[in-house]
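Please look over the sequence and the 3D structure below. The briefing that follows takes one topic at a time.

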Amino acid sequence: MVRKIVLYPNAILREKTIPVAQINEEMLALVDDMIETMLEKDGIGLAANQVGSRHRIFVLNTTPHDETPSPVVFVNPAILGTDGEMKEEEGCLSFPGLYLHIPRSRIVRVRAKSLYNEDLVYDAQELLARAIQHEIDHLDGVVFIDRAVPEEQTTVQEYFEQRSKEAS
Ligand code: CO
């Protein structure tokens, strides 16, 4: 089932999510829905709090559009190490239409559990590394505008001015 995406400034996007103690039926259903929602919205990643859940889970799909999606689930993810720097353009399903160049580490090593309770370690770089950092930020209550560089603060301001004009 495709779930409704929570848009900023909904308060749940500012909350730190809670580590999952045990994968149960509710979480399997949540993950199914998160993957379906991410693919339907053409997102690269989606964090549980973006669909209104407080579990520390995110999903990713960095497969190019013309290929069969192969989504990956990260339960209780944590960054173990980082290296290098990059600054590439990012978007976020909770901020439709906003794109910002966000400084990130170029390489990350991340630990997470799979849905089968396996402990996995991923070494990621470039797009995958960026997506992982963006989604872990979400799970910590951090959104990408928090990391906007000074040169793009105006872009963020104009985005919200436009949004409030459209809403009124
Ligand atoms: Co996002």
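## Briefing

Cysteine 92 is buried, with a relative accessible area of 10%. Buried means under 20% relative accessible area, exposed over 50%, and partly exposed in between (1.4 Å probe, protein chains only). This is a predicted model: local features need pLDDT of at least 70, side-chain atom pairs count only at pLDDT 80 or more, and totals for chains, interfaces and linings use all residues. Residues are numbered from 1 along each chain as its sequence is written, and side-chain values use heavy atoms, with hydrogens and water left out.

**The cobalt site**

- Cys92 (SG), His134 (NE2) and His138 (NE2) coordinate the cobalt ion, at 2.1 to 2.2 Å.
- Donors are N, O and S atoms within 2.8 Å of the metal (3.2 Å for Na, K and Ca); water is not among the atoms, so sites may look incomplete.
- Along the chain, the donors of the cobalt ion follow the spacing C-x41-H-x3-H.
- Cysteine 92 and histidine 138 link distant parts of the chain, 46 residues apart. Cysteine 92 is in the loop between β4 (86–90) and β5 (100–104), and histidine 138 is in helix α2 (residues 126–139).
- Helices (H or I, at least four residues) and strands (E, at least two) are DSSP runs, numbered from the N terminus.
- Histidine 138 is buried, with a relative accessible area of 1%.

**Helix α2**

- α2 has 14 residues and reaches 20 Å from its first C-alpha to its last, close to the 20 Å expected at 1.5 Å a residue. The expected span of a helix is 1.5 Å times one less than its number of residues.
- Because 11 of its 14 residues are buried, α2 is largely enclosed by the rest of the structure. Among the buried residues are His134 and His138.

**Helix α1**

- The 16 residues of helix α1 (residues 25–40) should span 22 Å, and its end C-alpha atoms are 23 Å apart, which agrees.
- Asparagine 24 caps the N-terminal end of α1: a side-chain oxygen lies 3.2 Å from the backbone nitrogen of glutamate 26.
- The buried residues of α1 include Met27, Leu30 and Val31. The buried residues of α1 pack against β1 (45–47), β2 (57–60) and β3 (72–83).

**Aspartate 33**

- Aspartate 33 lies in helix α1. Aspartate 33 is buried, with a relative accessible area of 9%.
- Leaving aside neighbours within four places in sequence, aspartate 33 is in contact (heavy atoms within 4.5 Å) with Met1 and Arg3.
- The side chain of aspartate 33 reaches the backbone nitrogen of methionine 1 at 3.0 Å.
- The C-alpha atoms of aspartate 33 and valine 51 are separated by 9.1 Å, and the two are 18 residues apart along the chain.

**The largest pocket**

- The largest pocket has a volume of about 360 Å³. A volume is the space filled by probe spheres set on grid points, which are joined across faces, edges and corners.
- On a 1 Å grid over the protein atoms alone, a pocket is an open set of points where a 1.4 Å probe fits, with protein on both sides within 12 Å along at least five of seven lines; lining residues have an atom within 4 Å of a point.
- Of the 22 residues that line the largest pocket, the closest to its centre are Gly43, Ile44, Glu90, Gly91 and Cys92.
- α2 gives the largest share of the lining, six residues.

Terms used. A polar contact is a pair of N or O atoms within 3.5 Å; within protein, one must be able to donate a hydrogen and the other to accept it, and residues adjacent in sequence count only if both atoms are side-chain atoms.
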